[in-house]
Every structure is written in C-alpha cells, then in structure tokens.
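Here is my note on the model, point by point. Please read it with the structure open.

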Amino acid sequence: MNYYELASFIVYFLLVLCVGVYFFLKSRGSGEKEYFLGGRNMGGVVSALSAGASDMSAWVLMGLPGSICLYGLGQVWISIGLLIGTVCAWLFVAPKLRRFAILADDAITIPQFFSNRFKTKNPFLRVTCAVIFVIAYCIYAASSINACGELFTTVMPGSDRKLVMLILAVIIVVYTFLGGYNAVCWTDFFQGVLMLLALMLVPILALIILRTTGTVGGATVTTPENYYNLLSSGKLDWKSVSDILTGLGWGLGYFGMPHILIRYMGIKSEKEMRKSQIVGIGWFVLIVAFATMVGLVAHEYLGDAVNKGNNTLVFINMVRSIFGVGALALIGGVLLSAIIAAAMSTCDSQLLASSSSFSSDIYKTVIKKNTSDKEMLWVGRIAVIIITIVAVLIALFGSNDIMQLVSAAWSIFGAAFGPAMLLCLFWKRFNYVGAVTGIITGFLVSVLYMVLFNFEYYGFTSLIYNTNLYEIVPGFIIGLLASVATTLLTKPPHEDIVKLFESVKTFKED
C-alpha cells in the first residue's frame, strides 16, 4: 500500500467534509430554496464548473480514455456528441430555463417547473417525474460509488472494495446532507479544477517520457487496423454509422439531465449566466480533448499491456508509472484523487437533485401538502440517506460495469425529459397532456429498447438482437414524436399559459 497516495486521499476527503460543515453552519435557519438551489444566488464560474464536474463522472477518466486507448478514434464520437450537446444546452437552454423557472412561480425542481409551466395543480406530472428521477438516480449514483471502489482496489492493493464504497458513500452523504446545494456546487468547483489539471498534466508528461525512454518497460505496441480512423470499421457500414449515431445521441442527454439543468436555474443573474456559458463550454472542450489525448497517448505509452480486462485503468496506470516513486506519490495521489472527484461530484449532485424532487414533488405534493420549510429540509436530508443506501446496494450486488450503469441512467433522463424540456421552452402550443405523454413514452421506449436490443449483464444478452445503437436515440425521437402528436390532437393551452410563455421573451432582472 502506498501511504503517500493514501495521505493525499485523506486530505482530500477532509477538505470536502469541511466544505459541508461550513455551509451547514452558514445556512442555519434558511429555507428549502437555500438548501436545494442555493437561494438562486450562485456565481457564474462556480456554476459552470459545478455543472461540468457533475456531468463528467468517473467515466471521463476511466471509461472514455480506456475505450479510445483500446479501440481507437472511432470511440471519440461520444466526446463529439457530448460537446455538441453541452454547447447547445449552455447557449439555448440555460438562459431561457433560468428566466422561465423564475417566472413559473420560482420553481426549484424540474418536475415543479414542468407543472408550473402549465399552471396545473394536478400532481400526476410532478409525481411521475419524481419517481423516474429516483429510479434513474439510484442507478447513476451506483456507478459513481463503483468507480470509487475501482480506484481504491487498484491503487491500494488489499483494500476491501465493499468497505471502501461504504466509506466513500458516507463521506458524500455527510457533506451533501449538511451543506446542500452550496456545498455540492463548491466541492464540484474544486473537483472540476482538479479533474482538468490531472487530464492536462498526465498525457503531456507521458509524451515527454515517450520521447526520452519509450514505452513502459519496453512494452510492444500493436496498432489495430483503422485505429486512427473516425469510422471504427474503416468504412461507412452499419457498425460505423451506429457508433456515430450512438456518440451523437449522448449529446441529447443534456436537455433532460436534472442535476445539470438545476445548475442553470441556480445562477444569480444574466451577467453571471454569460460567464457560465464561456467557462462551462471552455472547460468542457479542454476536458474531452485531453481525455481523448490520454487514451491515444496510453496506447503508445502502455503498449499491448492494455486489454479489454484492464482498459478502464489506463489513466491510473499512467499516473502510477510517472509518480509512483517515493514522495512523488503524493503528487500521484492528488492526481488520482481526480477520479474520486469525478465520481463524487456526480454522485453528490444526483443525491441532491433526487432528494429535492422527492421532498418537493412527492412528499409535499402528495403525502403532506401543508409541510413547513424546516420539515421539508429534513425530509430532503433523510431522502439523501435513503437514496444513497439503495445506490450502495446496487453498487455492491449489481453490475460492476461503470459505463453500463452511466449509459442506462443517462438514456432514461435524456429520452424521458429532453423532448419535454425543449418543447416547454420553445413551443408555445405545447400542452400538459403532450408533456405527460412524451415523458412516459420516452422513459418506456428507452428501457424497453435497452432490454430488447442492447442488454448485456452477467451473461444475459438482448432478448431479440443487439443493434449496437444507444437506446437514447430511439427513446428521444419517439418521445418527441409522442409529445408533438398528442399536443396537436388535444386542446391548445389556456391563455394564461401562453402569456407566461410570452413573458419570458421580455423578462428583465430586478
């Protein structure tokens, strides 16, 4: 066991816990809006990096570089799709959603925004959204907890994977439980900086070593055919087309990802929004560019030692190769903490978004309508604990495939809520029935397509045929068509709803 690396991890954990305690003490006596949305007073730079860090889970340091290292540039379409998606979300969705949420009775959750958008008291839409949120977030949080266990069992040989996952889950719960939105955003901010520094430094140093000493241990390097070809099969066949559609399909997830959309709603002003757009897009470009670079450099640096069984560990192995001796391991520990940062920054955001939705959209809407702000805070905090327990159980006894868990949750959110969010923001004719139909249809198509065509788990495969096409693509398209068709076949929205939509165009800050 490398005690220098362990010391770096411990210092990192203490820092994030201190952030949670600080905001707990600072916000005592504040209401639910402060806990769940930071009082809608978050600065642009912090919001941007928080949105990015909560989006880029551990897969950007483990899954993406590993896939590119092993299979080549044909895997970069996920990065391209995500880049297009995040740019469109920041430029077109973020500013309008923030203004719309304020005008829609100051909505603090996505389900609340949907209901307020249509000025309805019917709880069905809010409850439906909240149930889907909790299901998907349990799966998503499990992937983050899994990534933490993967890291520790790799860099700390002999450590108990299950015990590590439990300890890290407790740490995440503590600072989220105490500090709420402010603690989550600020820890995500520092985690975003750490992730970027790690991804920039490691491939540059590895390239310098390659120039001077060659591969690690003189390993041989075999470059597969079409490795540097953006068409994974080397030609425009279904394999290449499905890879492109799948990669671009990942970008659709941004329009329905609650923990990212909430960041847009929490920015304190139009001026800060512009800062967020610049910083958020710039940070993302650097992150995906250097994650791709890590994979390509690892192919040359680690050579044929990389195979399908260990390709998710290429970043870890490169760090340990460069900073694995003596006190240098302190630096290595800090860089490896970037993986924990990526996992934790996603997990804390997921827990907060799902707990806020449960307390505001289920508890207050259905169980106890006349609840106080103080009771709402404690319901939300208890929900954080319960959802974490479920996520830990999935991580302990479910799939260990980090990318599989992430893709399942991402698809559910994107297919269910992406079409409804875009239509809410940009189509005046859109109505309540269309939103309900589209959300349920997108959710069901995404899940059914995964089970019937893309399912691989513990030896079980798809019930029909593996199409190699990510389920978010048919889920999003069919959900969108269902929303539009149902809207056109039913009554147009009431005049008050149309006025609310129009008022967003002339919105001005106080």
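1. A cut-off first: a residue counts as exposed over 50% relative accessible area, as buried under 20%, and as partly exposed in between. Keep in mind that this is a predicted model. Aspartate 105 has 57% relative accessibility, so this residue counts as exposed. Aspartate 105 sits in the loop between α5 (77-103) and α6. Its C-alpha atom is 24 Å from that of alanine 48, and the two are 57 residues apart along the chain.

2. Next in that loop, look at the backbone. Aspartate 106 also lies between α5 and α6. Its phi is near 55 degrees, a positive value in a residue other than glycine. Most residues other than glycine have a negative phi. Aspartate 106 counts as partly exposed because its relative accessibility is 26%.

3. Asparagine 226 lies in the loop between α8 and α9 (238-250). Relative accessibility here is 25%, so asparagine 226 counts as partly exposed.

4. Now the core. The largest nonpolar core has 152 residues. Met56, Phe113, Phe114, Met195 and Trp410 have the most contacts inside it. Helix α8 (residues 161-212) gives the most to this core, with 21 residues.

5. Which residues does phenylalanine 114 touch, not counting residues up to four places away in sequence? They are Leu125, Cys129, Phe417, Ala420, Met421, Cys424 and Ile439. Phe114 is also among the residues with the most contacts inside the largest nonpolar core.

6. Serine 50 is in helix α3 (residues 44-55). Its relative accessibility is 0%, so serine 50 counts as buried. Beyond residues up to four places away in sequence, serine 50 touches Val184, Cys185, Asp188 and Arg263.

7. Threonine 86 is the other one, placed in helix α5. Its relative accessible area is 4%, under the 20% cut-off, and therefore threonine 86 is buried. Leaving aside neighbours within four places in sequence, threonine 86 is in contact with Tyr254 and Phe284.

8. Does the length of α13 agree or disagree with what its residue count predicts? Helix α13 (residues 328-367) has 40 residues, and at 1.5 Å a residue they should span 58 Å. The end C-alpha atoms are 55 Å apart, which agrees. There is still a kink of about 25 degrees in α13, centred on isoleucine 340. Helix α13 is mostly covered, with 32 of its 40 residues buried.

9. With three residues, α6 gives the most.

Definitions and conventions
Residues numbered from 1 in each chain as written. Predicted model: local features only at pLDDT ≥ 70, side-chain atom pairs only at ≥ 80, totals over all residues. Heavy atoms only, no water. Core = buried A, V, L, I, M, F, W, Y, C linked by side-chain atoms within 4.5 Å. Buried < 20%, exposed > 50% of the residue type's maximum accessible area, 1.4 Å probe, protein only. Helix = DSSP H or I, 4+ residues; strand = E, 2+ residues; numbered from the N terminus. Contact = heavy atoms within 4.5 Å. Expected span 1.5 Å × (residues − 1). Bend = angle between axes of the 7 residues up to and from the residue.
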